[in-house]
Amino acid sequence: MSSAPLQLASLSGVEAAKRAAAYAAVDAHVGRNDRIIGIGSGSTVPYVVERIVQQGKDLNASRIFLPTGFQSKELIVSNGLQLGDVDCHPIIDVTIDGADEVDPALNAIKGGGACHLREKVLAEAAKNFIVVADYRKNSNGVLGTSWTQGVPVEAAEFAYSKVMRDLTKLGGKPVLRMGKAKAGPVVTDNGNFVIDAPFPPEQMAKPKELLQQIKLLTGVIEVGLFVDCAKAAYFGNNDGTITIKTVDGKVQENVTFDVSKAPVVA
Ligand SMILES: O=C[C@H](O)[C@H](O)[C@H](O)COP(=O)(O)O
């Protein structure tokens with residue numbers, strides 16, 4: 001039985017591509033038996049929620065959605081989905097999230113929106129962690145090639161100055177992230193500061209080692225390097241196609257996806 005085409009707001013360019021990538025990721029990874037679902041942050045994630053809503057009220061009534069921050073909490077609530085938190089649901093069926101840059105091994109820089117502490121908890125708690133983004137985040141080189149503002153480091157507010165000194169000793173060039181429409185630094189959803197620390201490519205080429213070094217600095221709460229986390233990444237390309245990369249190294253290019261078709265839930 002074929003269902004009527006979905007009535008969707010018309011989008012063009014990269015926004016249309018992000019929607020296609022998000023829909024494809026939901027169709028492939030959010031099945032009928034997935035009940036505890038992590039909702040990430042960033043500009044592609046609203047399309048993830050849009051597709052999940054299209055899976056139907058009955059199915060969603062039995063699900064609980066966990067947010068990675070203020071933005072995703074609002075998305076969950078405004079779409080009439082049931083809100084939960086990871087303290088009550090430490091095992092998540094699937095988490096879908098954005099990223100700032102993803103390398104060929106699916107390691108990622110995250111935290112451009114200062115959400116990386118909760119994002120990493122929801123990524124590690126998930127049986128499947130899936131990334132959705134546009135082609136600008138799809139890197140063929142080492143992390144830091146396209147996302148040049150540095151590794152986002154969440155630090156305790158009172159310790160930031162000492163952490164910046166430590167990051168400099170490690171070889172970075174740390175900058176305290178400042179608010180855009182606020183005098184003073186960005187304060188995360190958890191009440192901490194964010195330091196952006198660019199490191200030379202030689203260090204970025206070994207993201208696990210760098211992550212371990214930064215994580216050991218006293219005062220650091222979390223590091224926006226996600227290493228060995230993601231199972232798959234879906235990138236929307238400028239021509240409307242999708243690139244799908246999986247952790248086994250497979251790459252599917254030029255995948256077409258018809259967003260007007262209602263989801264068939266596996
Ligand atoms: O802290 C924010 C997150 O890691 C986001 O997932 C990331 O910054 C991507 O955001 P956007 O899709 O808006 O570029």
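Predicted model: local features only at pLDDT ≥ 70, side-chain atom pairs only at ≥ 80, totals over all residues.
Start with the seven-stranded open sheet, whose order is β2-β1-β3-β6-β12-β13-β14, with mixed pairing. The edge positions go to β2 and β14 (251-255); each has a single partner strand, so one side of each has no neighbour in the sheet. Going from one strand to the next, the twist averages 20°.

Further in, β1 (residues 36-39) and β3 (residues 92-97) run parallel and are joined by three bridges. If you want a specific pair to look up, I37 has V94 as its bridge partner in β3.

**Helices on the sheet**

| Helix | Strands involved | Angle |
|---|---|---|
| α1 (residues 13-29) | touches β3, β6 (126-134), β12 (232-236) and β13 (242-246) | about 150° to β12 |
| α4 | lies across β1 and β2 | about 155° to β2 |

**T68**

Now for the loop between β2 (64-67) and α4 (70-78), which is where T68 is found. Is T68 buried or exposed? Its relative accessibility is 1%, and buried means under 20%, so T68 counts as buried.

Which side chain does the side chain of T68 make a polar contact with? That would be S41, at 2.6 Å. Leaving aside residues up to four places away in sequence, T68 also touches I39, G40, D97, C115, R118, E119 and L122, along with S41 itself.

Key: Residues numbered from 1 in each chain as written. Heavy atoms only, no water. Helix = DSSP H or I, 4+ residues; strand = E, 2+ residues; numbered from the N terminus. Buried < 20%, exposed > 50% of the residue type's maximum accessible area, 1.4 Å probe, protein only. Polar contact = N/O pair within 3.5 Å; in protein donor to acceptor, adjacent residues only side chain to side chain. Contact = heavy atoms within 4.5 Å. Pairing = 2+ DSSP bridges. Axes fitted to C-alpha atoms, helices over the stretch in contact; angles between N-to-C directions.
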